[in-house]
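Open the structure, try each task yourself, and then compare your steps with the worked solution.

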Amino acid sequence: MFMNSKKRTTIYDIAQKLNIAASSVSRALNNNKHVNEATRKLILKTADELNYKRNTLASNLRKGQSKTIGVIVPYINQNFFSNVIAGIEEIAWQKDYNLIICQSNESHSKEIKCVNTLINQHVDCIVISVSAENTDYKHLQNIIDSGIQLIQFDRVADELETLKVINDNEQASFEAVSHMIEQGYKRIALLEGPQNLQIFRQRKAGYLNALKSRNVPILSELIIENAWTKELGASATRKLLGLVEPPDAIFASTSDFSALGVLEVASMLGIKVPNELGICGYSNEAFTEITSPSITTIDQFSVYMGKTVANLYFEEMDNMEGTDTLPKVISIKPKLIVRSSTQKNG
């Protein structure tokens, strides 16, 4: 197999070619005013001829920073997470920072490997939305112990006091379920996510509070655990619709993918949405606008969340002055987007 053995050009190669000291080359490349102009031009011309590329990482590390932010998300290809990344990148680019992006695929062990990789890359900050498999957060404490800024968003480890950017999940779920009750739905099922994660506990609490506030009975058979993917959402829907008294609405509090699974099963069974079954998802994935019918969902303002995460880091960095970062939580209010899938009354 062919291997490219060409060595990367260093300042020592330039110095050897010109028979001058490497320190003189370094000063010239850094525009030091003590270097003779003619010498500086010669060094720059030679550097260009030898295809010299500055090692910015090494240079930044000598200054005590890498100007790099690591981002770990469960899935890169979900609209919510990709939009958060886009928001972070927009602000980071303005500050001349780069991103290293990792995905955990909801795996605790893979998330730990991602964290260790980013620590070894000497990133200045790690931004993370934790995986569904998480049961302990020693690896996140390791980030803090390594002197790296840690910012959690969306899915957070509640027990770790760090910078956090979250949504008001409980209120958003309360509004979604209240809307369905107002539309005349009486048996509203809940597809819930892993209860070890705070956001899914909050969304369940919003669902329960909405039912209680409207004196709607809470029925355990209408609450399905861990239905947080399209496939699991579809499986849960088949189970629910097979009940003697099936639900007339389903709140997929986990994701729009779960809601899509609900819609596909309803379509296959010939159940009319929204007249016979109301459907509400969560996250405002792009496809929710173009399904038939379109899916009611909750917009988490993902791009804005990403920008908020990045701005929080740079604000804290400017204000640190050698002191430890104090825990801070920023909560962004989501918005219920009502579409055809729950508009039973028009």
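**Exercise 1.** Is Cys280 buried or exposed?

*Solution.* Keep in mind that the model is predicted. Buried means under 20% relative accessible area. Cys280 has 0% relative accessibility, so Cys280 counts as buried.

**Exercise 2.** Work out whether Cys102 is in a disulfide or in none.

*Solution.* Start with the cut-off: the two cysteine sulfur atoms must be within 2.5 Å. Next, take the nearest cysteine sulfur to Cys102, which belongs to Cys114 and is 4.3 Å away. Cys102 is therefore in no disulfide. The structure as a whole holds zero disulfides.

**Exercise 3.** Find where the partners of the salt bridge between Glu37 and Arg40 lie.

*Solution.* The closest N and O atoms of Glu37 and Arg40 are 3.0 Å apart. Both residues belong to helix 3 (residues 37–49), three residues apart, or about one turn of the helix. Glu37 is partly exposed, with a relative accessible area of 40%.

**Exercise 4.** Which parts does the pair Glu106 and Arg155 tie together?

*Solution.* First, the contact: these side chains form a salt bridge of 2.8 Å, N to O. Then place each partner: Glu106 sits in the loop between strand 2 (98–103) and helix 6 (108–120), and Arg155 in the loop between strand 4 (149–153) and strand 5 (163–167), so the pair links parts that are 49 residues apart in sequence. Finally, check accessibility: Glu106 and Arg155 are both buried.

Notes
Residues are numbered from 1 along each chain as its sequence is written. This is a predicted model: local features need pLDDT of at least 70, side-chain atom pairs count only at pLDDT 80 or more; totals for chains, interfaces and linings use all residues. Side-chain values use heavy atoms; hydrogens and water are left out. Buried means under 20% relative accessible area, exposed over 50%, partly exposed in between (1.4 Å probe, protein chains only). A salt bridge is a side-chain nitrogen of Lys or Arg within 4 Å of a carboxyl oxygen of Asp or Glu. Helices (H or I, at least four residues) and strands (E, at least two) are DSSP runs, numbered from the N terminus.
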